[in-house]
Amino acid sequence: MKEVHLKVLPEYFEALASGKKKYELRLSDKDIQEGDVLVLEEYNHLGEGRTPTGRVVRKTVSYVRTFKIADLE
């Protein structure tokens, strides 16, 4: 098990923190496995000048599915 830190915009962070949003769909640029802990850090915006708000939520990964975009077409 490892911790994976991810930056999240406020509108998505709020839904994750409240439990309304129960998944996070991302490009597979990190080797995330079931049992890993996602450390979701809220950022005021992404890109140049981004700053963290200080709000953090930890979620344990319960399911991982990989697919290729071409498979969806």
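1. Start with Lys21. Setting aside neighbours within four places in sequence, Lys21 is in contact with Ala15 and Leu16, where contact means heavy atoms within 4.5 Å. Lys21 lies in the loop between helix H1 (10-18) and E2; helices (H or I, at least four residues) and strands (E, at least two) are DSSP runs, numbered from the N terminus.

2. A word on what we're looking at. This is a predicted model, so local features need pLDDT of at least 70 and side-chain atom pairs count only at pLDDT 80 or more, while totals for chains, interfaces and linings use all residues. Residues are numbered from 1 along each chain as its sequence is written, and side-chain values use heavy atoms, with hydrogens and water left out.

3. Is Lys21 buried or exposed? With a relative accessible area of 18%, Lys21 is buried; the cut-offs are under 20% for buried, over 50% for exposed and partly exposed in between (1.4 Å probe, protein chains only). The Lys21 side chain makes a polar contact of 2.6 Å with that of Glu24. For that term, read a pair of N or O atoms within 3.5 Å; within protein, one must be able to donate a hydrogen and the other to accept it, and residues adjacent in sequence count only if both atoms are side-chain atoms.

4. Lys21 and Glu24 also form a salt bridge, with the closest N and O atoms 2.6 Å apart. The rule here is a side-chain nitrogen of Lys or Arg within 4 Å of a carboxyl oxygen of Asp or Glu. Glu24 counts as partly exposed, at 26% relative accessibility. By this rule the count comes to 6 salt bridges.

5. On to the overall fold. The protein chain has 2 helices and 3 strands, and its elements run β-α-β-β-α from the N terminus on. Along the principal axes, the C-alpha atoms fill a box of roughly 35 × 30 × 25 Å. Of the 73 residues, 22% are buried. Among contacts with a separation of 6 or more, 62% come from residues 24 or more positions apart.

6. The 3 strands form an open sheet in the order E1-E2-E3, with mixed pairing; two strands pair if DSSP finds at least two bridges between them. Strand E1 (3-8) and strand E3 (52-60) are at the edges with a single partner strand each, so one side of each has no neighbour in the sheet. E1 and strand E2 (residues 37-43) run parallel, joined by 6 bridges. Lys7 stands opposite Glu41 in E2.

7. Glu3 pairs with Arg58, the closest N and O atoms being 3.7 Å apart. Glu3 is in strand E1 and Arg58 in strand E3, so the pair ties together parts 55 residues apart in sequence. Glu3 counts as partly exposed at 44% relative accessibility, whereas Arg58 is exposed at 51%.

8. The other pair is Arg55 and Glu42, whose side chains meet in a salt bridge (2.9 Å, N to O). Arg55 lies in strand E3 and Glu42 in strand E2, so this pair ties together parts 13 residues apart in sequence. Glu42 is buried at 6% relative accessibility, and Arg55 is partly exposed at 36%. Through shared partners, salt bridges join Glu14, Glu42 and Arg55 into one network.
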